[in-house]
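Thanks for coming, everyone. Please have the structure open.

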Amino acid sequence: MNIQKLTSLAKTAKTRSIVSLFDKKERINDFSLSTSHLYLDYSKQNITEIELAQLIDIAQEVGLSESITKQFDGDKINSTEGRSVLHTVLRAPQSVKQQILGETLAVEVEAAEQQVAEIVEDVQKGVLTGYTGQRFTDVLAIGIGGSYYGVKVSLSALEHYRDLALSVHVIANVDGGALEEKLKKLNSETTLVVVISKTFTTQETMLNAKAVKQWMLSSESVENSKLNNLSQIIEKQWFAVSSNIEAVKSFGINDKHILPMWDWVGGRFSIWSAVGLPLALAIGNDNFNKLKQGAYEMDMHFKTTDFKQNMPVIMAMLGIWNRNALEYPTLAILPYAHSLRALPGYLQQTDMESNGKSVSKSGDKLSWLTAPVVFGQEGTNGQHAFMQLMHQSDDIIPTDFIVAIKGRSQYIENHKVLVANCFAQSEALMQGKTLAQVKAELLESGYTLKEISRLAPHKTMKGNTPSNTLVMELLTPETMGALLALYEHKIFVQGVLWQVNSFDQWGVELGKQLGTRILSAMDGVKDDSLSASSQSLVAKFLARSTVTSSA
């Protein structure tokens, strides 16, 4: 990436007021665009048409068009693991699957989709039941990372589309307190369990799965049953999404209840596969297919639209501009929708796990920074928390505001106020308030000159904070699919510009390795390679846990 060109371009922007850019009356028309489901207003970004055109030139120079083609065609762009990146094909028509995957694999994918659909139908109709013959009332999905976040964010986003007869819960945290909280809500006789783990060895997932298995087999209703073989309960009520078939069968899950995972589908992009089974159970097959349809439409927009009108490309280039040219280290995701409250956490993973790297695909140290620190919260809660810092600290934090024109609740006035706050915050972050403006307002309100002198500095706001506003008419399965795909493609484009492999996550592995060694130390295995700090912490844990267990 031509970082020198970016730095040169940014010299004027760093001293420019975003408000001044609105002197051009056509700015809102020139700096907004639509797809079939989403409208993007990026007019409050600190960028001109000339600068944006230069950014797009940089994207072409690094071969973005070719990289997009390679991804959709199934080239092994995950170079460190030698894998294709084809989650997009899972939401494409069958003819596209056959073209990209080949006949054999396309048939396998279609069979998995059919298996998911049949499970959903059989649960809805009461054909699939618990071991006592009762209908399922709850689903517990056990996973972590990509096997968790996509399901979690979509469950809350599409709450209004869920089957009211079936509650779907997700558990990822290895903290026993989190598990206890979930299990208190469940009946072992009417709970369907889905374990999601590609290797079926993921520490947190398997520890939770074993605990849930023990809970189910030792429940009072099971102990009072007349079953001769308790393993029948697991065979009947448990499902797994995994590529490690033997490990799943050894756990006791019926081989007919195993759904596949493929190495060309990364975990954080896997909601479109059988990993989405818990979501499909919650919202039904029709809505699950609409989610995929919305994503596919965004795929086609991304693949075929000129970069100047391409929503994922535009958002990606604005992110590059803010991160590398204007040198802002963070990105706030602020959905003004309670149902999208899990979206900031989801994007933390997809963005920072994908592009949080400092080495290029060829193994060279990069001379530029990559992924921003992503954080956020649902509006309007954030206004009474961290947005104080956004308005009055010296840090400028680029922001994505996300809002639906129509709400789902009966409280129309509440939704009107919610939307108004969303629009107002983007305006306030851009405009700010100068010392002169504050003094004039205080004087008009009747304050004395002495009071004005004392108060005015505390009421100024820097402004000039860039933002996007993403608007949808209504949050539907199609819109949600388009939104998730939009951010997937934006992250991919930025990875291409930063020249990183967006589809591996070796940094996650180190923590796993050290976690295993720490556990061994807790079991009495001496490990002098651990720091004195870690050895001391282990000793403290052992001393206190011994006291607790003997109390």
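Which residue in β11 is the bridge partner of Asp400? The partner is Asn468. Keep in mind that we are looking at a predicted model.

Strand β10 covers residues 399–404, and strand β11 covers residues 467–472. Six bridges join β10 to β11, and the two run parallel.

Now step back to the whole sheet. This is an open sheet of six strands. Read across, the order is β1-β2-β11-β10-β8-β9. The pairing is mixed. At the edges sit β1, residues 32–34, and β9, residues 373–376, and each of them pairs on one side only. From one strand to the next, the twist averages 15°. A helix packs on this sheet: α15, which touches β8, β9 and β10. The direction of α15 makes about 175° with that of β9. Hold on to α15, please. The name will come up again.

On to the other sheet. Five strands form an open sheet here, and the pairing is parallel. The order is β4-β3-β5-β6-β7. Its edge strands are β4, at 167–171, and β7, at 258–259, each pairing on one side only. A helix packs on this sheet as well: α8, residues 176–183, in touch with β3 and β4. Its direction makes about 170° with that of β4.

Inside this sheet, look at β5, residues 191–196, and β6, residues 238–241. Four bridges join these parallel strands. What stands opposite Ile196 in β6? Val241 does.

A word on the chain as a whole. It has 22 helices and eleven strands. Along the principal axes, the C-alpha atoms fill a box of roughly 85 × 65 × 60 Å.

Next, empty space. Rolling a probe the size of a water molecule over the atoms shows where such space is left.

Take the largest pocket. Its volume is about 900 Å³. It is lined by 36 residues. Which of them are closest to its centre? They are Gly146, Gly267, Glu353, Gln505 and Lys512. Here α15 returns: α9 (203–217), α15 (343–355) and α21 (506–522) each supply at least two residues of the lining. Helix α21 gives the most, with four residues.

How many cavities of 30 Å³ or more does the structure hold? Three. The largest cavity has a volume of about 150 Å³. Its lining has 16 residues, and the closest to the centre are Leu318, Gly319, Asn322, Leu331 and Lys490. At least two lining residues come from each of α14 (311–325), β8 and α20 (477–498). The most come from α14, with five. By class, this lining divides into seven nonpolar, six polar and three charged residues.

Last, two backbone details. Most residues other than glycine have a negative phi, and most peptide bonds are trans. Against that background, two spots deserve a look.

Where is the cis peptide bond? It joins Gly379 and Thr380, with omega at about 10°. Thr380 has its place in the loop between β9 and α16, the helix at 387–392.

Phe200 is found in the loop between β5 and α9.

To recap the spaces: about 900 Å³ for the largest pocket, and about 150 Å³ for the largest cavity. Over to you for questions.

Key
Residues are numbered from 1 along each chain as its sequence is written. This is a predicted model: local features need pLDDT of at least 70, side-chain atom pairs count only at pLDDT 80 or more; totals for chains, interfaces and linings use all residues. Side-chain values use heavy atoms; hydrogens and water are left out. Two strands pair if DSSP finds at least two bridges between them. Contact means heavy atoms within 4.5 Å. Axes are lines fitted to C-alpha atoms, for helices over the stretch in contact, and angles run from 0 to 180 degrees between N-to-C directions. On a 1 Å grid over the protein atoms alone, a cavity is a set of points where a 1.4 Å probe fits but cannot get out, and a pocket is an open set with protein on both sides within 12 Å along at least five of seven lines; lining residues have an atom within 4 Å of a point. Grid points are joined across faces, edges and corners, and a volume is the space filled by probe spheres set on the points. Ala, Val, Leu, Ile, Met, Phe, Trp, Tyr, Cys and Pro count as nonpolar, Asp, Glu, Lys and Arg as charged, and the others, Gly among them, as polar.
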